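Subject: Structure handover

Hello,

Here is the structure I promised to pass on. Please open it alongside this note.

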Amino acid sequence: MSIMEILKFPSPVLRKRARAILEVDGRIQELAEKMVSTMYDAPGIGLAAPQVGVSERLIVVDLSLGEDPTALIALANPEIICTEGEIDTEEGCLSVPELSENVTRCARVVVRGVDMEGREVEVEGEGLMAVALQHEIDHLDGVLFIDHISKLKRSRYVTKRKKELQEEWKRGG
Ligand code: NI
């Protein structure tokens, strides 16, 4: 099992628009496997390639945290094609340490993408699955959940995070 480093805000790669994957080949399958191990290790329910420093359009989601082998979704080039309703959820992100805030998103989504066998697939998600898919697809466009909270809360977080990083640097970390 190989675990990748999860990059944290304000790492610049988290703000870049990730490039499309031209073909799901061995390299992409291996990247997806590593991302899944990294997600389970964290633990988290979703991970996008930019979070491990790879600016390509690949996401993994597993609401079961590895408990249910049929629950794992790995998608290249995922695109939201249909949305419905609204849902408020307390969100967090492995790349945004020590913050969880309420975010309003669509309650139901249909996502089109390419699975790890190279087949075009459609995935439907409701509730937490819809939220996770939207959160991970946001990462591919350089968008973080803090972009969906109030400006005041966001700037408070950014200030706190800068202070923490300065202290880490002072300690030589
Ligand atoms: Ni995230």
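Below is what was found in it, from the overall fold down to single residues.

**Ground rules**

This is a predicted model: local features need pLDDT of at least 70, side-chain atom pairs count only at pLDDT 80 or more, and totals for chains, interfaces and linings use all residues. Residues are numbered from 1 along each chain as its sequence is written, and side-chain values use heavy atoms, with hydrogens and water left out.

**Overall fold**

The protein chain has 3 helices and 7 strands. These are DSSP runs, numbered from the N terminus: helices are H or I with at least four residues, strands are E with at least two. Their order along the sequence is α-β-β-β-β-β-β-β-α-α.

The C-alpha trace spans about 50 × 35 × 30 Å along its principal axes. The radius of gyration of the protein chain is 16 Å, which agrees with the value near 16 Å for a compact globule of 173 residues. That radius is taken over C-alpha atoms, and the globule rule is 2.2 Å times the number of residues to the power 0.38.

Of the 173 residues, 46% count as buried. Buried means under 20% relative accessible area, exposed means over 50%, and partly exposed is in between (1.4 Å probe, protein chains only). The chain exposes about 9,300 Å², and carbon and sulfur atoms supply 49% of that. Areas come from the Shrake-Rupley method with a 1.4 Å probe; for residues, only the protein chains shown count as cover.

Contact means heavy atoms within 4.5 Å. Among contacts with a separation of 6 or more, 64% come from residues 24 or more positions apart.

There are 22 positive and 31 negative side chains, and the centres of the two sets lie 11 Å apart. Lys and Arg count as positive, Asp and Glu as negative; His and the chain ends are not counted. Each charge is placed at NZ of Lys, CZ of Arg, CG of Asp or CD of Glu.

**The nickel site**

Start here when you look at details. The protein donors of the nickel ion are Cys93 (SG), His135 (NE2) and His139 (NE2), lying 2.1 to 2.3 Å from it. Donors are N, O and S atoms within 2.8 Å of the metal (3.2 Å for Na, K and Ca); water is not among the atoms, so sites may look incomplete. Along the chain the donors follow the spacing C-x41-H-x3-H. Distant parts of the chain are linked by this pair: Cys93 sits in strand β4 (residues 87-93) and His139 in helix α2 (residues 128-140), 46 residues apart. Both Cys93 and His139 are buried.

Thr89 is buried, at 18% relative accessible area. Beyond its neighbours within four places in sequence, Thr89 contacts Glu101, Asn102, Val103, Leu128 and Val131.

Met129 is in helix α2. Met129 is buried as well, with a relative accessible area of 15%. Leaving out residues up to four places away, Met129 touches Val61, Leu63, Ile73 and Glu124. Met129 and Val61 are 68 residues apart in sequence, yet 8.3 Å apart C-alpha to C-alpha.

Gly46 belongs to strand β1. Gly46 counts as buried, at 8% relative accessibility. Not counting residues up to four places away, the partners touched by Gly46 include Met39, Val61, Leu94 and Glu136.

**Backbone points to check**

Most residues other than glycine have a negative phi, and most peptide bonds are trans. The following cases depart from that.

- Phe9 and Pro10 are joined by a cis peptide bond, omega about 10°. Pro10 lies in the segment before α1 (26-41).
- Ala42 and Pro43 are also joined by a cis peptide bond, omega about -10°. Pro43 lies in the loop between α1 and β1 (46-48).
- Asn77 has a positive phi of about 50°. Asn77 is in strand β3 (residues 73-84) and counts as partly exposed, at 23% relative accessibility.
- Glu98 has a positive phi of about 55°. Glu98 is in strand β5 (residues 96-105) and counts as exposed, at 60% relative accessibility.

Best wishes
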